[in-house]
Amino acid sequence: MWRALIAIYISTGSVDCVDRSKFRTFEQGSFGRRYRKYINKVEGDAGLVVHKLDPSTIKSSGNKVQASLLFANDASVKPLLLELSFFLNDVDGSCGIVRAFVTEKDPLHPRFRLTPGDVVRKDEDLQPDQVAVTEGAGFTEIASTRGACKVKLQHSPFQLEFVAHGRVLQKLNSRRLLNFERYRAKGAQAHAGLVDATDLDPNNLFEESFGGHTDSKPRGPAAVGVDVAFEDAVDVFGLAEHAVGLGLGENRLPEPYRFFNLDVFEYALDVPMALYGAIPLVTAIHREKSGETVASGFFFPNPSEGFVHVDASKGSPQTETWWLFESGVMDMFFFAGPGPQEVLQRYHTVTGFPRMPPISTLGKHQSRWNYVDVEDSIGVNRKFDQHDIPYDVLWLDIEHTDSKKYFTWHPSHFAQPDKLLAALEASKRKLVTIIDPHIKKDSGYDVYNKMKNHDFFTKTKDKQLYDGWCWPGTSSYPDFCNPEARRLWTTFFKMDYYPHNRPDLYTWNDMNEPSVFNGPEVTMPRDNLHKCSEKDYEVEHRDVHNVYGFYHHMATVEGQLVRAPNVRPFVLTRSFFAGSHKHGAIWTGDNMAKWEHLAISVPMLVSLCLCGASFVGADVPGFFFDPEPELFRRWHQLGIWYPFYRGHAHLETKRREPWMLGKEITENVREQVTVRYQMLPTWYTLFAQWALAGQPILRPLWFQDAADSEAFRHQNTHFLLGSDVLVRAITKRGEDTLNVYLPSGSWFDFWSMEAAPLVGGKSHSVKADPSHVPVYVRAGAILPKKMRRRRSSLAMASDPYTIVVYGEKAGGHVYMDDGQSHDFMRGHFVYDKLSFDGQELVSEPAQTLHMAGAAKGAAGSFKQSTAVERLVFVGLPSSPVSADMEGKETFQVTSTRMQNGAWVATVKKPLCQLGTAWKLRLRF
Ligand code: NOJ
């Protein structure tokens, strides 16, 4: 039976659209159905009060305030506890992080809370923001003693206003949609009046079925929901992962966005259906009539099934949302701006900063389900060299294992993986093997036995071992929520456990939603049990569903660290939750080799970046189906601008290594991949600014200037790489003229130094070049590059830098370290600031990146070339005659004329080293 199911799962057949009947819609779940009724009831009765705050219960101390929320319609119901905590932004010490926590007092069953430190940092690791409380008539104000951040609590009906930057940014419960379903015994007496949504629809509170599966729901209803209005907000962004446009309101979807991590076979686009991961964070852009803008963020890290409705369609000055989760607590964060950058700083303050990846993983990745055997894999590696195409990491999918038992090798096809590993090492490349969470039920499989003997597998509702079907057939699923189970998992990565292991053998975590072929909605039953941090199996799967993959990923990273503490881990995950950015990379799963999937990759990846997860990519050129040559070419041309750039393919597709589609395409991919590698120093600098200071790598066009309303119109086809490189995706077959919008300023053509710069603040009609997508560099940027084509990133370590300066006045940064170890955390890095005033290019140590702390970079403390072989100045008004280094050495300058009469000047071998201070003066 399970074999047939796997065959159905694998085969793409002729259908290419998701079977929607397999997945629940909002109203097919009882908590959604009754919340809809609750919304209708409350909104239909303007005078109805359900919750009110009892001012006599307000207590405050330091950065915390507590109060009780009463149920206005039934005094016999125990009040809810409201706790507010105020914190400072780690990066600049400013106020503007408010945590609002709501739960029931003395619940019948414990309400699940994520372990502090896992997704959200521990309170004690955050900097408290002391507050002062003032009583008013019908309201209480709680203001930060640091500055203009405050919360205003309206007592009846209860409402919370979040105020910063001199204005109300967000209102919680202004529509009175707060719904807190307290645990109750089956058959408990009905409430005297309206207390929660169960009063309007008492059906299916203790049992419900979907798709032939029954959820026993022994603890009954427990949903939590509330509305949040973003005042004067043009739209909200985030809520990854959905295959939709970037503007969540602009998408105008009638149904709420769903969060329930799922393995959705052949997922549909432009629908609010759930996908593999969940980051319940939005950034709002508020715009005043004056045109002035500020940003704010709202974060609700609840790992049960969730729905978020976004309505920007009312023509009212605000974007309205409501948020609903199946169980758990209300743990909500309000973040101030003023810009989206500061919202992200606050998000990282709360969830933690990302992990700095090994430099190899910023190169090209080559994957396929599956490379057949060791010879085939070595052959692919060799062919990259024969075709002179750089790449860094080769990937082995599930077929490389012995019967899909992870941490093993196929007895005949991969009997000698050391041969492959040696070939890769000789070409300075790395290998990834797949390690999924489902563990084959096989008494001869040590991983299975160890997990079972320790009692670390997830249980059924009756506390029996839970079995589900996945690639290996009948499988068990480790309870990754349990820290002890995670600890055991880490030991499987030890050098003496995993055969043929290497300190830098990297990992791919797939199917970790978790995917269960015979489970409800292709996942685990919600009434399954986990232990998490409890003494026994008492946590229902429904409470933790969306963090299953997060913990699998976390445990795998910890495994790599146990194996080799000073080697940077790399783990790609398919399923994720808020905070997964701390562990590793994410990709957008099983997309299709279709133009629409290429197109949707832009907003999907930018949205992830706005949710703190910048190490992201989509399978190039689409996982399912065979790409037509034009799509193949265009997707690689776009893929070189993804932070994570991996070629991958479904089992049934034709081979599609870059040389498989003829000479012309091979050459084009070679050139494009070379550009990726030439830009590695820029990528690496951006990764450091992300990992060490929380700055997103891909950004929407409006990120730096949200007052530019035109930029919002192009957010689904254009994006910025860092602040200065603009990429316009080509998303349609045969597109030969493109509309390119450039924000204000002046923009140089990345591909042609001679081309005259274009004026920003407007759209340009641009001819689509067959060999690349349009890319522009902001005048004022300085980009570090390495120009020599090598086999891989590690092969480039001793290569010198080329620094390209765009415009008459420019600034930029360059970060470097050994690319592989954690020595950078002890100051072994260089972070330089480069500035050009029209005559002098100055290199000096940059202001430290936040997470680098007080550590000062030290040149020479790691093995990498810091030499600069070339300085290129693009767009000079006249041609320099020479250049000198602080009046000492003099260098020749060669210049060429640009189409607009300006000059590109090149100083060769300027004898300078990054990581040291120097000044180079151009003489005109
Ligand atoms: C599903 C993943 O999304 C895909 O990338 C992979 O090739 C297959 N599982 C097989 O492991």
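Modeller: A residue is called buried under 20% relative accessible area, exposed over 50% and partly exposed in between, with a 1.4 Å probe and protein chains only. The model is predicted, so local features need pLDDT of at least 70 and side-chain atom pairs count only at pLDDT 80 or more, whereas totals for chains, interfaces and linings use all residues. Residues are numbered from 1 along each chain as its sequence is written, and side-chain values use heavy atoms, leaving out hydrogens and water.

Rings of Phe, Tyr and Trp (its six-membered ring) pair if their centres lie within 6.5 Å; planes under 30 degrees apart are stacked, over 60 edge-to-face and the rest tilted. The whole structure holds 59 aromatic pairs. One of them joins Phe 237 and Trp 702, tilted at 45°, with 4.5 Å from centre to centre. Helices (H or I, at least four residues) and strands (E, at least two) are DSSP runs, numbered from the N terminus. Phe 237 belongs to strand E14 and Trp 702 to the loop between strand E36 and helix H14, so this pair ties together parts 465 residues apart in sequence. Phe 237 is buried at 1% relative accessibility, and Trp 702 is buried at 0%.

Phe 384 and Trp 659 form another pair, which is edge-to-face because the planes meet at 85°, with centres 4.8 Å apart. Since Phe 384 lies in helix H4 and Trp 659 in the loop between strand E35 and helix H12, the pair ties together parts 275 residues apart in sequence. Phe 384 is buried at 0% relative accessibility, and Trp 659 is buried at 12%.
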